[in-house]
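These are my notebook entries on a structure that I looked up. I began with the chains and then turned to single elements.

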Amino acid sequence: MGRMKFLCDIERCIDCSGCVVACKEGHHIPVGVNRRRVITINQGKPGEKSISVSCMHCADAPCIAVCPTDAIYQRDDGIVLVSKDTCIGCGYCFMACPFGAPQFPSGQVFGARGAMDKCTFCAGGPEETFSVKEQKLYGQNRIAEGKVPLCAAMCATKALLAGDADEVADVYRERVFKRGSGTNAWGWDKAYKKK
Amino acid sequence: MIFIGSNAAEAHPISMQHILHAKEVNNAPIIVVDPRFTKLAAKASEFVRIRPGSDCAFIMGLINEIIQKGWEDKEFIRTRVAGYPEMAEIATKYTPEEVENITGIPAAQTRKVAKILATNRPTSLTWCMGGTQHSIGSSITRAFCILQLVLGNMGKSGGGTNIFRGHDNVQGATDMCVLSHTLPGYYGLSDGSWKHWCRVWDVDYDYITSRFKEKKWMNAKGFTLSRWYEGVLGEEKIEQYTPIKAMIQWGCGSNSNSQYNRVVQAYNKLDLFVIVDPFPTMAAATCTTDNVYLLPCSSQYETSGSVTSTSRQIQWRHKIVDPIGGCRDDYSIMKDLVERLGFADKFYKNIKETPEDITREINKGTLTIGYNGQTPERIKKHMENWHTFDIETLQAKGGPCDGDYYGMPWPCWTDTHPGTPILYDVSKPVAEGGLPFRNRFGQETTYVMSGREENQLASKGVCNPGSEVKGGYAEFKDVVPGTNWKTDLSQKTIKEAIARGMAPFGNARARCVVWTFPDQVPIHREPLHSPRPDLIEKYPTYEDKPNHFRVFTRYKSEQNPNLVKEFPYVLTTGRMVEHMGGGAETRSNKYLSELQPEMYAEINPVLGNNLGLRDGEMIWIESPEGGKVKVKAFFTERVDDKTIFMPYHFGGTLMGESLAGNYPAGHEPYVMGDAANVCTNYGYDIVTQIQATKDGLCKVSRA
Amino acid sequence: MKKLILPGCILFWAMAGLAIAQSQGQLLTSFGPGPSTAAFHEINGLFTGDWQQYGQLFTSLQANIFSQIFLLVVTVVPLIFFLHYIIIGPMKFSHEGRQIYYFNLLSRCIHWCAAISFALLVITGLLTIFGSLVGGGVLLRSGRTVHLISAVTFSGSALFMLFIWAKDMIIAPYDFLWMLKIGGYLSKENKTVPAGRFNAGQKSWFWLATLGGTVMAVTGYFLYSFQGNTDTLRLSAIIHNFLGAAMVTVFIIHLYMSLFAIKGAIRSMISGYKPEAELKILHPRFKI
């Protein structure tokens with residue numbers, strides 16, 4: 001089995017947030033919880049680039065390393081998932097994650113954080129596949145249905161790629177090649193008179 | 001590809017897939033001409049910052065530069081273009097240096113863009129509201145077309161002028177002419193047009209005439225969406241025997257109307273105001289009188305019917321779910337209305353099965369633009385056989401739709417015609433989707449400006465393959481005596497033309513000179529509210545126009561060179577990707593509201609700091625007409641230091657006061673803000689009367 | 001002639017290659033050097049730059065080190081005391097003689113308030129640290145709630161303690177002597193040690209509990225509320241854990257002292273009376 005990966009092609013991402021809305025709508029995520037977000041650098045200036053970021057499903061995930069209850073685990077295909085029944089909402093994974101992926105909807109008692117919520121790669125959770133509980137806690141399980149994650153499926157410009165790491169890399173490599181040797185074909189200097 | 005007055009990355013994100021594909025795979029340069037460094041500009045290979053409202057000068061400058069350098073498509077111009085020398089003569093005034101003076105675009109950049117266009121053919125030109133919403137909008141859009149004619153980019157794959165429409169069925173709505181100056185299918189308001197449609201509807205012409213107060217109103221243009229409220233308020237002179245008393249807004253994001261504070265006054269003066277919309281629009285909240293009725297209607301997912309896309313393709317939309325929450329679909333609301341008005345027997349004469357029979361009626365009558373081949377059965381067949389269409393050519397290979405172009409882009413002349421994927425393409429037979437330019441404006445013309453006489457038909461040798469006449473020819477008529485190709489409901493005329501390999505509408509030249517317009521050749525005129533008093537003198541606007549769609553419209557008397565002293569900044573508006581139109585729908589969506597929770601105005605940090613403002617502070621923006629909005633200042637270098645940009649999707653507060661209490665309880669949108677259009681200035685196109693929202697003036701102060 | 005063919009061929013191909021490279025070069029230069037990689041670099045910097053400040057440190061500490069430290073604290077420290085008990089044994093004082101009223105009711109109440117809440121803090125804190133052994137879930141989530149309630153209770157009690165005992169807790173020069181003698185606990189005989197109402201050991205425990213407790217409360221607030229930027233949170237977690245380890249250590253010492261090291265010491269906190277004999281040896285400077 002291959003390893004699942006996201007890759008966002010920053011030359012294609014147009015900051016439309018379609019991925020964000022697709023994710024929220026598809027999994028019925030509460031407002032304020034962002035499994036995915038789009039980040040833009042140099043906004044309004046030459047060199048403006050956007051990238052869609054969620055959990056990167058790291059090979060050596062810091063969140064798994066720091067979790068005191070071992071609630072976070074990695075599947076054989078590289079997808080990092082959390083068990084919401086085990087999670088105690090301590091927030092250590094948030095502190096360990098460079099991408100700000102772990103999210104904490106507010107819980108019920110004394111404003112405590114509820115169980116951690118993050119991108120599941122649309123692969124549900126530890127619950128029985130397609131069970132009502134899985135749907136309720138983690139949202140859809142599109143991987144089990146043989147589909148790519150919602151965000152990548154919805155991406156208007158096909159900037160966000162998801163799937164087997166090798167295939168994703170192939171798609172991206174082909175694009176880069178077509179753009180003309182490496183990263184050269186996009187021409188900021190020409191457009192904005194940079195040297 | 002050149003984009004001017006279009007921010008496809010925000011307004012048409014799906015199209016970006018193809019735009020970036022062209023850039024990536026074909027190495028197509030992307031030129032973006034805009035006052036703002038938009039998200040589309042971020043993907044551009046050449047960004048041209050233009051002063052709002054000066055598009056025409058820039059394009060005429062490009063045309064001049066192309067002609068001066070000899071880069072024009074001489075053969076195309078010789079055989080298929082009319083009025084070229086007259087146009088070229090006027091273009092010579094727009095030297096790159098003069099263009100720099102008017103538009104602020106460096107002369108060198110104009111030259112460079114001209115060269116890029118000349119060396120990358122064909123070029124696709126796209127414009128949107130940024131090109132049209134000016135007092136000279138009709139001249140600007142014509143200049144775009146003329147540029148493509150000069151470059152010989154018309155009627156070619158990868159060329160043409162590709163205007164991106166606002167929503168998925170705007171093209172369809174336009175084709176049905178939900179307008180005040182023409183009957184469906186661009187037939188106009190002449191007696192012949194009325195008679196044609198009466199035949200289609202199977203309704204007595206005299207009956208229709210009897211519905212009007214006097215016959216002359218049948219042929220008179222009505223009010224437009226941009227200025228209907230003048231007909232209520234009575235502050236301007238109107239050419240109608242009565243003020244407007246009732247109004248139905250059906251799916252109208254009303255806060256996209258400029259001078260919105262005056263529109264609000266009109267709402268409250270109406271005797272009856274009906275709003276049909278899935279969500280309560282801002283109009284519903286601004287009314288303080290009890291003359292308002294809200295009819296909740298279903299969304300597009302709760303009803304079915306045909307829709308026409310930007311590319312003239314027609315698709316069938318199937319119902320996903322039954323209307324929820326007590327709302328009803330548009331058809332049933334219309335039916336109830338018609339029944340109570342008492343003419344259902346006439347209205348529904350041909351319509352038994354909704355909506356298929358409506359489509360059939362459109363097929364029957366809309367011959368001008370070839371809407372007759374797209375029967376409901378064929379459209380549905382296309383939807384069911386998506387997989388058989390080629391992704392590049394959009395033509396079905398084998399299968400039940402073999403040879404058809406997807407969606408049968410109009411004109412689709414007969415029920416076996418494949419549709420016309422590219423307009424005016426003479427490389428293909430008419431029966432296979434080719435077309436010459438239409439013969440619409442007579443055969444001989446003498447130009448006023450030069451005294452030259454020119455044949456308007458295409459030159460010898462230019463025609464579609466298989467054409468019986470090898471060269472230009474006039475439109476078809478009297479095949480069935482007393483009718484022409486547009487009015488022959490038996491469609492024998494069209495069929496005969498196709499059989500002879502010819503286009504029903506003739507084979508003519510595309511015009512550079514329009515003798516019925518105030519500016520026969522597009523020229524630059526300063527916006528009514530211009531920040532450049534010197535240019536007002538040099539490029540003054542039109543004379544005032546009485547009875548412009550029934551309203552007296554000020555031009556020259558409105559253009560005041562001293563206005564800029566009090567209102568020093570240019571105000572332009574536009575879209576953001578998260579919200580749509582007036583935002584009634586998107587601001588009622590919690591996820592979209594979360595992404596864009598606040599109304600703002602983009603201000604360059606230099607201007608903001610000079611004015612002593614802070615990023616994120618509340619400011620007042622005031623228009624010369626007294627409209628003002630209270631919004632958050634957002635410092636960004638997207639805009640230059642003379643321009644202020646506001647998105648127009650917000651509503652729910654008016655001049656700084658919240659209207660949240662006026663919405664039906666529990667139905668107020670999640671996000672409310674001042675409507676930008678309260679501040680957009682007076683100004684309307686001289687031909688179409690589209691509102692000039694993109695080039696007004698304003699002043700800014702701390703709130 | 002043949003000799004010329006090969007070099008000729010090589011030359012031809014080299015030229016052709018050059019020409020292709022050149023034309024490619026022109027194509028590429030016409031688009032210029034693209035900064036796709038530069039932009040990726042910038043974006044990476046955006047994420048990892050912030051992370052490298054304390055994120056990396058926190059991750060490596062939390063991954064192994066914290067739990068090991070706590071494991072050491074809860075195993076080795078009791079082991080040492082166990083050995084102490086076996087080898088040296090507890091101090092014994094006669095409880096027959098005169099009883100001195102040492103702790104009034106208020107201070108006893110506050111002490112027990114603090115003691116119980118602190119014990120709960122230690123227990124729930126340790127549970128969280130070794131959460132994987134317990135399996136997380138409902139038990140630990142309630143544990144976190146208990147931790148919060150205990151923290152608030154303890155903070156209040158500690159404030160009171162500071163109020164009523166601060167005067168007696170001021171560090172005096174003889175405290176260093178006490179420290180040098182380790183309070184006489186390494187001797188089997190009951191020798192006099194220099195101490196006032198509270199000895200140096202109690203003083204250090206007191207200051208750790210109050211001042212350290214304040215730091216724990218502040219860092220704990222950050223961790224619980226998630227207010228502040230990510231680096232503040234990371235730093236808070238690091239401090240909370242290290243200081244926590246120190247406090248748990250001293251807590252265990254205190255427990256041992258009161259329960260085992262001095263026979264019957266705990267009675268004074270219940271009844272409020274201490275035997276005069278004990279005071280003479282352990283708190284000679286206390287004026288009866």
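**Entry 1: chains in contact.** I first checked chain B against chain C: the two do not touch, and their nearest C-alpha atoms are 8 Å apart. I counted two residues as in contact if their C-beta atoms, placed from the backbone, lie within 7 Å. Two pairs of chains are in contact, and of these chains A and C share the most contacts.

I noted that this is a predicted model, in which local features need pLDDT of at least 70 and side-chain atom pairs count only at pLDDT 80 or more, while totals for chains, interfaces and linings use all residues. Residues are numbered from 1 along each chain as its sequence is written, and chains are lettered from A and ligands numbered from 1 in the order in which they are written.

**Entry 2: chain B against chain A.** Here 27 residues of chain B are in contact with 27 residues of chain A. On the chain B side, the elements that give two or more residues are α2 (16–25), β3 (46–49) and α23 (590–595). Helices (H or I, at least four residues) and strands (E, at least two) are DSSP runs, numbered from the N terminus. By class, this side of chain B has 14 nonpolar, four polar and nine charged residues. Ala, Val, Leu, Ile, Met, Phe, Trp, Tyr, Cys and Pro count as nonpolar, Asp, Glu, Lys and Arg as charged, and the others, Gly among them, as polar.

**Entry 3: chain A.** I found seven helices and six strands in chain A. From the N terminus, their order is β-α-β-β-α-β-β-α-α-α-β-α-α. Of its 195 residues, 53% count as buried (20 or more other C-beta atoms within 10 Å of the residue's own, with C-beta atoms placed from the backbone). Among the contacts in chain A with a separation of 6 or more, 52% join residues 24 or more positions apart.

**Entry 4: a sheet in chain B.** In which order do the strands of the open sheet of three strands in chain B lie? The order is β22-β21-β23, with mixed pairing. Strands count as paired if DSSP finds at least two bridges between them. The edge strands of chain B, β22 (657–658) and β23 (673–674), each pair on one side only. Strand β21 (residues 652–654) of chain B runs parallel to β23(B), and two bridges join them. T653(B) stands opposite D674(B) in β23(B). In general, strands of a sheet pair through backbone hydrogen bonds, either parallel or antiparallel.

Methods: Buried ≥ 20, exposed ≤ 12 C-beta atoms within 10 Å, placed from the backbone.
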